[in-house]
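Subject: Structure handover

Hello,

Please find the structure below, with notes on what was found in it after that. Keep the viewer open while you read.

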Amino acid sequence: ESGIDAWLRYARLPASATKGHLNSFPNRIVVLNASKNGPLASASSELHKGIKGILGLDLDVSSSVKSCFAQKTIVVSTLETYKSSCGKLSPKVNLKEDGYWLNTKGNSVQIIGQNERGALYGAFQYLSLLGQGDFSDVEYASNPSAPVRWANQWDNLNAATAAHGSIERGYGGASIFFDSGLIKEDLSRVPQYGRLLASVGLNGIVINNVNADANLLNETNLQGVKRIADLFRPWGVNVGISLNFASPQVLGDLTTFDPLDSTVIKWWTDKTDRIYQLVPDFAGYLVKANSEGQPGPLTYNRTLSEGANLFAKAIEPHGGIVVFRAFVYDQLNETDWKADRANAAVQYFKELDGQFDDNVLIQIKFGPIDFQVREPASPLFANMPKTPVSIELEVTQEYLGQQCHLVYLPPLWQTILGFDMRYNHRQSYIRDIVSGEVFNHKLGGYAGVVNVGMDDTWIGSHLAMSNFFAFGRLAWNPQADSQDIVEEWTRLTFGLSRDVVAAIVDMSMKSWSAYEGYSGNLGIQTLTDILYTHYGANPASQDNNGWGQWTRADSKTIGMDRTVSNGTGNAGQYPKDVANMFEHTQTTPDDLLLWFHHVPYTFKLHSGKTVIQHFYDAHYTGAATVQKFPTTWKSLKGQVDSERYADVLYRLQYQAGHSLVWRDGISEFYRNLSSIPDKLNRVRNHPHRIEAEDMQLSGFTKVDVSPTECASKYK
Ligand code: BDP
């Protein structure tokens, strides 16, 4: 159990789970009119393999139309083929693009997709039921919430510091795509990844870092992109790439990359035509421009929309889309007191609403800053009614423990997806904005920065894979229940043992709130080292730096005043009802208080606690929660294979220890700064603890540690 098959292990069910079901089980799979190497063919082989694994039955596979209504048959087809070959589907079903119909009633099974991809999704859904030992009769149609459901990979072609293709903010090893500036010869992990993506309904992938290397566009690499696309195609996953805006100059021999220059336009048009020759179903371009040092149209005093439309026009004849990221800010000009990076996206994009071509989608990070442990929804979601938008979520745990901490993310994501923006005082949930429903757009959707690598666990930790699984599930249905999702994932990944399911679900559901508890509370952000690693406690690094994230903590007060009346005005970027709520401390929820307000440490929360006491309590409670994780896990010994048992235990023990470093680092930092003691006298008082520097250490050397919060007495 290396983890390589993730939730698609197709482990044999115990006899107790299959009892009474095997005799009546279908004995053949009939796949109608499958295109060569397309998703229907994958559906067929996957069903065969899955049923063999889960039930031990070796089913016949055929493509004979005669079998449409035969008994004990699993029919897999597109709706169109089904109608023309087998007649009407009854009851009449309403399928959207990529949707499917699944009917297991009686002793036959129908898996009918709106397209081939939909049929593949239906097949995976059916296998998930079987894998969980669920033989109940179901009959339903399922449609995705939005058309764009993409993984983003931040893979570098070659990093200066790494011999092998590295992944920015990736914790699962080297790239599965790139090595030494080129696309790898051995792409054997690509179809395996495609299978995982398809199994949770994801239909696209951007394969390279948003901080893009122009060399991806050289002819050798474009041939490689074709090879990658050929390997993803059977899984219904279309490939896109991130662009470097300056490519015509960096890679071509033009003297400019001005988006309105005719030679530049021709350069991009030719490149795009070439890409479509190689990859006719190419998905589109992802663009990060004029942010964090990336080139963009602003260099030539052109607008961001002029920049986006350059690509939109080149790709439009081929049917592709341009995903333009709203993560645009200029940290070097935002260091003064009044400036607020949280304002940047609306400042840059609001006035451009209506100026983007129809095939441009604006991809917005869920919050206004950057994947913090708690943020409000980005106000930009409600500031561009004329432009389709998608939400960017981070599956890779950049600020959230980097796969060394168990943090199950769907509860965080759902605080955003379920947030009501009250556009024009009307109900307008983020999930309905990104689906295109609220502002009536065809385009819309989800991007998840997944960052899998060559590691057998894909993203660096077994338990973290529930976030990948859940990202797909939520992009399909943002109202799905996070607990149901992790239950399903656990059964498929670890088997049906009730103890195992209960333990993993329990830890997962507590984990985000625990991490928020011992990292950063009340909307103050994650309090990690902000300057480089984004890992470990370093509250001091949050202030006075060019990255524009500030706690504004001094000896008496803390928090960022983002009100209109007195602060950076960020609260005023939201629609009126929401703006009013965030403008005042009385109506701001406690968990976002310090995001919007600058208050004394002694300020009383709705909970009745003071801010500083909440800090202390949350840090102790959060750490105490994860202290129990190793014990919970140990209770599963013998019920989980020894390989994964040991790996997970190691990580949970590490997390338990690191949560103490966090707890004490942050608590002491604010105790020192505020001089207000913890009412329960815990901070600085650890009678039973043996400090590292008091131990006899052989084979170790003492060193100074910076930031000091990460160390025991600075060593
Ligand atoms: C930040 C990451 C950085 C990314 C950037 C982005 O730290 O590595 O390049 O976001 O999303 O969170 O562009």
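To read the notes on residue classes, you need one convention: Ala, Val, Leu, Ile, Met, Phe, Trp, Tyr, Cys and Pro count as nonpolar, Asp, Glu, Lys and Arg as charged, and the others, Gly among them, as polar. Please also keep in mind that this is a predicted model.

Ligand shell

Which residues surround the ligand? They are E168, R169, V210, N211, K288, E292, F327, D370, F371 and E398. Sorted by class, this shell holds six charged residues, three nonpolar ones and one polar one.

Domains

The chain has three parts: domain 1 covers 15-142, domain 2 covers 148-494, and domain 3 is made of 539-560 + 598-694. Between the C-alpha centres of domain 2 and domain 3 the distance is 32 Å.

Helix pairs

Start with helix α5 (residues 189-199) and helix α6 (residues 219-232), whose axes are 8 Å apart and meet at an angle of about 45°. On the α5 side the contact uses V190, P191 and G194, and on the α6 side I228, L231 and F232. By class, five residues in the contact of α5 with α6 are nonpolar, one is polar and none is charged.

Next, take helix α8 (residues 262-278) and helix α9 (residues 304-315). Their axes come within 9 Å and cross at roughly 45°, so α8 is oblique to α9. The crossing of α8 past α9 is right-handed. From α8, the residues I265, W268, T269 and T272 meet L310, F311, A314 and I315 of α9. The contact of α8 with α9 counts six nonpolar residues, two polar ones and no charged ones.

The last pair is helix α18 (residues 611-627) and helix α20 (residues 642-674), with axes that come within 8 Å and cross at roughly 170°. This angle makes α18 roughly antiparallel to α20, because angles over 145 degrees count as roughly antiparallel. Residues of α18 in the contact include I612, F615, Y616 and H619, and among those they meet in α20 are Q655, A656, S659 and L660. By class, the contact of α18 with α20 has eleven nonpolar, seven polar and one charged residues.

Backbone

Two places in the backbone are worth a look. Most residues other than glycine have a negative phi, and most peptide bonds are trans. N33, which is not a glycine, has a positive phi of about 55°. Where is N33? N33 sits in the loop between β1 (28-31) and α2 (39-55). The other place is the peptide bond from S90 to P91, which is cis, with omega near 0°. P91 belongs to the loop between α3 (79-86) and β4 (100-103).

Regards

Definitions and conventions. Residues are numbered from 1 along each chain as its sequence is written. This is a predicted model: local features need pLDDT of at least 70, side-chain atom pairs count only at pLDDT 80 or more; totals for chains, interfaces and linings use all residues. Domain bounds come from an automatic or database domain assignment. A residue is near a molecule or strand if its C-beta atom, placed from the backbone, lies within 6 Å of it. Axes are lines fitted to C-alpha atoms, for helices over the stretch in contact, and angles run from 0 to 180 degrees between N-to-C directions. Helices (H or I, at least four residues) and strands (E, at least two) are DSSP runs, numbered from the N terminus. Two residues are in contact if their C-beta atoms, placed from the backbone, lie within 7 Å. Angles under 35 degrees count as roughly parallel, over 145 as roughly antiparallel, 65 to 115 as roughly perpendicular and the rest as oblique. A crossing is left-handed if the near helix is turned anticlockwise from the far one by less than a right angle, and right-handed if clockwise.
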